[in-house]
Amino acid sequence: MTLCRVKTAEEMRQAVLAECRQYDVIIKAAAVLDWRPKETAEHKIKKGRGVQTLELVENPDILAELGCSRGNSPCILVGFAAETQDLISNAQEKLKKKNLDLIVVNDVSREDAGFEADTNAVKILYRDGHLEELPLMPKEEVAEQLLDRIKSLREKSL
């Protein structure tokens with residue numbers, strides 16, 4: 001495994017694409033940032049200059065690019081979907097669009113799961129259409145369960 005320090009989504013994209021061919025499993029936990037400012041200021045923007053307009057541009061979708069470029073690679077590609085509504089349909093769309101082997105979806109609007117909790121309750125959607133729901137459990141246990149599923153997928157693909 002190689003540590004690549006990056007500062008921007010584009011730098012991350014370049015680093016991931018340069019290294020990805022050497023791995024059997026790639027787990028992309030989350031988008032770096034969906035949007036970025038179109039222009040960056042060289043210095044601090046001071047108050048008192050009136051209301052500023054910030055124009056945003058979309059960052060590259062690294063996971064989708066990995067999915068499109070994988071060809072017949074046996075690499076297992078895993079993504080995540082943090083959703084607040086239509087969890088399954090949104091995750092199914094991402095799974096297909098990004099050419100993933102599985103996607104882990106969670107409802108981040110829940111107070112007992114998601115970003116600011118020590119627990120999570122996820123749904124795992126597989127390429128073959130299978131859906132598995134994991135109950136609320138500590139995040140470390142969710143990770144162990146997920147790694148078990150990925151290991152099984154990898155063993156089946158060999």
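The protein carries 24 positive and 28 negative side chains, and the centres of the two sets lie 5 Å apart. Lys and Arg count as positive, Asp and Glu as negative, with His and the chain ends not counted; each charge is placed at NZ of Lys, CZ of Arg, CG of Asp or CD of Glu. The model is predicted, so local features need pLDDT of at least 70 and side-chain atom pairs count only at pLDDT 80 or more, while totals for chains, interfaces and linings use all residues. Residues are numbered from 1 along each chain as its sequence is written, and side-chain values use heavy atoms, with hydrogens and water left out.

**Overall layout**

There are four helices and nine strands in the protein, arranged along the sequence as α-β-β-β-α-β-α-β-β-β-β-β-α. Helices (H or I, at least four residues) and strands (E, at least two) are DSSP runs, numbered from the N terminus. Along the principal axes, the C-alpha atoms fill a box of roughly 60 × 40 × 25 Å. The protein exposes about 11200 Å², of which carbon and sulfur atoms supply 50%; the areas come from the Shrake-Rupley method with a 1.4 Å probe, and for residues only the protein chains shown count as cover. Of the 158 residues, 31% count as buried. Buried means under 20% relative accessible area, exposed over 50%, and partly exposed in between (1.4 Å probe, protein chains only). Among contacts (heavy atoms within 4.5 Å) between residues at least 6 apart in sequence, 46% join residues at least 24 apart.

**Salt bridges**

The structure holds twelve salt bridges, each being a side-chain nitrogen of Lys or Arg within 4 Å of a carboxyl oxygen of Asp or Glu. Three of them are tabulated here.

| Pair | Closest N to O |
|---|---|
| Arg13 and Glu10 | 3.0 Å |
| Arg13 and Glu65 | 2.8 Å |

Glu10, Arg13 and Glu65 are linked in a network. Arg13 and Glu10 both belong to helix α1 (residues 9-19), three residues apart, about one turn of the helix. Arg13 also bridges to Glu65, with the closest N and O atoms 2.8 Å apart. Because Arg13 lies in helix α1 and Glu65 in helix α2, this pair ties together parts that are 52 residues apart in sequence. Arg13 is partly exposed at 22% relative accessibility, as are Glu10 at 32% and Glu65 at 27%.

**Nonpolar cores**

A nonpolar core is a set of buried Ala, Val, Leu, Ile, Met, Phe, Trp, Tyr and Cys residues joined through side-chain atoms within 4.5 Å. The largest has 16 residues, among which Ile26, Leu66, Leu77, Leu100, Ile103 and Val105 touch the most other members. Two or more residues come from each of α2 (62-69), β4 (76-83), α3 (87-97) and β5 (102-107). A second, separate core of twelve residues includes Leu102, Leu134, Met137 and Ile150.

**Helix α4**

Val142 sits in helix α4 (residues 139-157) and is buried, with a relative accessible area of 10%. Beyond its neighbours within four places in sequence, Val142 is in contact with Asn120, Val122 and Met137. Val142 and Val122 are 20 residues apart in sequence and 7.9 Å apart in space, C-alpha to C-alpha. Arg154, also found in helix α4, is buried at 15% relative accessible area. With neighbours within four places in sequence set aside, Arg154 is in contact with Asp24, Val25, Pro74 and Ile76.
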